[in-house]
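I opened this structure to look up its pockets, its core and some of its strand pairs. My entries are below.

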Amino acid sequence: MSTSALNDAISQNTPGNSQGLPVGLSWDTDTSSTTKVMPPPSGWSALSAWAQVYQEAGAPVSPNNASDTVQVQGFTTYLLLTNGSWVEVQNQAQSGIAGGHYVADFSTDAHTALTEQTLSDGSVSMDAPPAGYNDHFWPTARGTFAPGTVAGVFIEANMRTNDPSANLVAQIGADWWQSATAQYAGLNVNNHAVGLNDWTKLTTQWQPVYYTTLSAAQLTADPPPGLASTTPTTPTTPTTPTVSPAVTQASASPGTGIEHAGNTITLTLGFNEAVNVTGTPTLKLNDGGTATYVSGSGTSSLTFHTTVASTDTNTSALAITAVNLPTGASIRDASGVAANLAGAVKTFSGLQIDPVLPAVTQATASPGTGIELPGNTIALTLGFNEAVTVTGTPTLSLNDGDTATYVGGSGTSALTFRTTVASTDTSTSALAITGVNLANGASIHDASGVAANLAGAVKTFSGLQIDPPVVPPVLPAVTQATASPGTGTEVVGNTITLALGFNEAVTVTGTPTLSLNDGGTASYVSGSGTGTLTFRTTVASTDTNTSALAITGVNLANGASIHDASGAAANLAGAVKTFSGLQVATSTSSPTSPSAPSTPSSIAPVLTVADSTLSVTGRGGTVGLGVNVTTTDPNDAVTVNITGLPKYETITDKLDGKTFGGNNVTLTAAEVDSGLVLQSNYRGGAHPVATLTLTAAGKDPSTGAVTTSASQTITVTDPRPATATTTTSPHTTTVTDPAPATGTTTTSPHTTTVTNPAPATDTTTASPQTISLTDPAPATDTTTAFPAGKGFGWLSQDQAASTVATTVTNPAPETDTTMAFPGGKGFAWLNQDQAVSSVATTEPQAIAATMGSLANHGFALLQQQLDGVTGAAPISVPQTSFVTDSAPATGKAMASLASQSFALLNQYMAGNTGRVDPGQIVAAVSQGAGWGQDSILTRPQH
């Protein structure tokens, strides 16, 4: 270039020489070019020039702005090295340019695409910046250098616009980058500004734009290539210049990438003329290796080879640092002139040397010896010959059948894995790593991305035993059987799907079938390889009517089998199941004239009961009812009505914890489907059975029509509680009985002395006490007087004996320390042998009258006992009896007395025509306060 070019470069990098300022970029002023960052940050190895074009501040926007363009040519970057040489590191002609329309003040990274076009002269044309945005562009490939070798930067570009009315200003500058491939991560993270020049106003003529970090004196003393100027002189005598052979370029193949030990790199030196080689020249490399001459003598291109050795030095950019000509070696042209080899010095940015391949060098275990049991944790560590990076979750395969999972260590040379011994692991005398698994994209590689050699991970740890307990094999078995539909009436042609659920996946061979109680069979359809097998049957006209379809057996004919993966045959006993509510009706009735079809305003909901027979332990025991209800009409209001719930049982839903009681309970579908829990508060000694009847109803909200499902029942049994073993000695009670009830024959009052068993013992005892009881008038009957509550203890006296005074010894009753029921008094006497009686057998009417009086007396005594617990007022009637007895059993012990007495009462009544179910008596009495003798015993008149 001319001297004017040098002057332009100096002027454009002197603060205050801008030819205009940009719109929307307040921080970039006319003094910005005073900032120059030199040298680059330590260890950084790349640089990129950039340029930006803005609308000029204070100038009108061209009316043609939408079609205006900016043209760029010769966008080139030079670096002045510390050895005094200039090198070109970016050139638009080689790499092209890229960029975009960015927000004017760069407040965000938002931008739109530039419209670029390469013209015939090699320049690039792009659309002018729109309002609020700029044109921001740069060479596509960054320039690279060896860290610590840069002394200065010089950038040049030629620009112009196509519109003389356009008011555009341009500026160029540069950024240091950490590396050639580092990504933008925020301001001053991976890149840092070098500096920028003054603003130049563009015209329709090409204008050079310059940026440099050098001072005017440095530019003048050592101008970059093309900018140097000389004063031309007129030669006195024309001469032919002598051309000396010289290296004009150096190249590498491959030119980029990561080369490891064993890889070969070809280096080529290009000369300005053909040269001849003698001997074996070599190239000195910055990785400590050398490249040896291979071929090319007699041409202008000499080839050298180097093979990366494991002893070479790691380097991010391979470089030729010198040419060696050992004794006898030379590079000359045809005239014998030695070649200038200075141009061979070259750094190949992006060509890395990583001679060490990452590999596992050792594997260790902690603990290293001993016997490990289920639940114990073992840490396994893999050591590498260099730091490695882990992605994903690698695992180690172990010889006990388990795996160890990666825990940590990425970025170091030691990776930790962990395994916990499971009961299902295989016993082994020496744990071993058998392999490394890199599933689902997992990887282990070094910083350069080279995958690690994991062969060294295979290791046996002698002395480290795995000894889980022997677990018996689980045999496959049917755990449940279901039907779809589960309820309803199926007719000829209807298909029923039956599913058998297993405790593990099973495999089916052949075609198993299910025998059904309607005479049909269900054939296997699908499910092999899973835990559920599906069978299907179609109701035939030859099938038998049944009120509850049942699976009666599984048939494995013609080689059919059902077994698990180990070949063990499945236990099929659990397949036998009766589906209550699923009827099969194959009989037909006489056809009737069809009526016009109608659409019901509501649809019967489907009520499902998981198990129709339940058992629950009293005194607060619970059991899930297993009921749910569904409907195909989402508009219907669905409810479930439950009747038959005894007083000692309640139902609680899981929706909001609401508890329901009573003989008639109605719940919403939401309450039912949340799960219903039945609780029994029965405190007696028997085992009552309650039958619950459930009916679902759907009500149409518009018409009010209600459709109900078929009712289903659940039988709930309270099992008899276990009896205790603690007893007390018997004692004697004397009772004076009033005159018997009046019949056709009467007898005088009499006194009976009864040895009463000791009351049931409880955890708390009371001293003996005397109870004063006023007895009601005896019942009157002209035929047979029913003993309606007098003295339950005397009811069992034998009606065949007639002595007035009798002494009876009664066995001690069973004791119970778990129930509290105030019924021990008087009931304890019920077990007296009926062979002894205070009334003669020859007087049947007197027997009836007397026993009615005794029943009344005993019942009143029982009532008084109950009232003492429940707080009821005592009974007062004309006749009085005095009974001296030990303290009544209290708390939990009284239930045993009640249980025994009820049984004896039933024994007495079994000898009469009016039978009462003992469960009925127990259920009624165990309901606690408020019961009366009419609710317990009602004997029909005859």
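I note at the start that the model is predicted.

**Entry 1: the largest pocket**

I looked up the volume of the largest pocket and found about 1,500 Å³. Its lining has 48 residues. I asked which of them lie nearest the centre, and got Thr144, Lys346, Thr347, Phe348 and Ser349. Several elements each supply at least two residues of this lining, among them strand S9 (143–144) and strand S23 (346–353). Helix H2 (92–95) is also one of these elements, and so are strands S2 (69–81), S3 (86–91), S15 (247–253) and S21 (315–324). Sorted by class, the lining holds 26 polar, 19 nonpolar and three charged residues.

**Entry 2: the second largest pocket**

For the second largest pocket I read a volume of about 1,100 Å³. I counted 31 lining residues here, with Phe106, His136, Asp175, Tyr184 and Asn191 nearest the centre. Strands S1 (46–55), S8 (135–139), S11 (168–177) and S12 (191–196) each give at least two residues to the lining. Which strand gives the most? It is S12, with six residues. The class count for this lining is 16 nonpolar, twelve polar and three charged.

**Entry 3: the largest nonpolar core**

Next I looked up the largest nonpolar core, which has 32 residues. Phe75, Phe137 and Met159 have the most contacts inside this core. Two or more residues come from each of S1, S2, strand S7 (124–127), strand S10 (150–161), S11 and strand S14 (207–212). As a general point, nonpolar side chains in soluble globular proteins tend to be buried together.

I then listed what Met159 is in contact with, leaving aside neighbours within four places in sequence. The list includes Ala51, Val53, Val72, Phe137, Ala170, Ile172, Leu202 and Trp206. Gln71, Gln205 and Gln207 are on the list of Met159 contacts as well.

**Entry 4: Ile155**

I picked Ile155, which is in strand S10. Is Ile155 buried or exposed? Ile155 counts as buried because its relative accessibility is 0%. Not counting residues up to four places away in sequence, Ile155 touches Ala49, Phe75, Thr76, Thr77, Ile172, Gly173, Ala174, Val209, Tyr210 and Tyr211. I also checked Gln90: it is 65 residues from Ile155 in sequence, and the C-alpha to C-alpha distance is 9.2 Å.

**Entry 5: paired strands**

I began with strand S28 (residues 395–398) and looked for its partners. Strand S31 (residues 428–437) runs antiparallel to S28, and four bridges join the two. In this pairing Ser397 stands opposite Gly435 of S31. S28 is also joined to strand S29 (residues 403–408), by three bridges and again antiparallel. Here Thr395 has Thr405 in S29 as its bridge partner. S28 and S29 form a hairpin with four residues between them. In the turn, Gly401 has a positive phi of about 90°.

From S31 I went on to strand S33. Five bridges join S31 to S33, and the two run antiparallel. Ala432 stands opposite Thr460 in S33. How do strand S25 (residues 370–372) and S33 (residues 459–466) run, parallel or antiparallel? They run parallel, with three bridges between them. The bridge partner of Gly370 in S33 is Leu464.

How values were computed:
Residues numbered from 1 in each chain as written. Predicted model: local features only at pLDDT ≥ 70, side-chain atom pairs only at ≥ 80, totals over all residues. Heavy atoms only, no water. 1 Å grid on protein atoms, 1.4 Å probe; cavity = no way out; pocket = protein on both sides within 12 Å on 5 of 7 lines; lining within 4 Å. Points joined across faces, edges and corners; volume = space filled by probe spheres on them. Nonpolar A, V, L, I, M, F, W, Y, C, P; charged D, E, K, R; others polar. Core = buried A, V, L, I, M, F, W, Y, C linked by side-chain atoms within 4.5 Å. Buried < 20%, exposed > 50% of the residue type's maximum accessible area, 1.4 Å probe, protein only. Contact = heavy atoms within 4.5 Å. Pairing = 2+ DSSP bridges.
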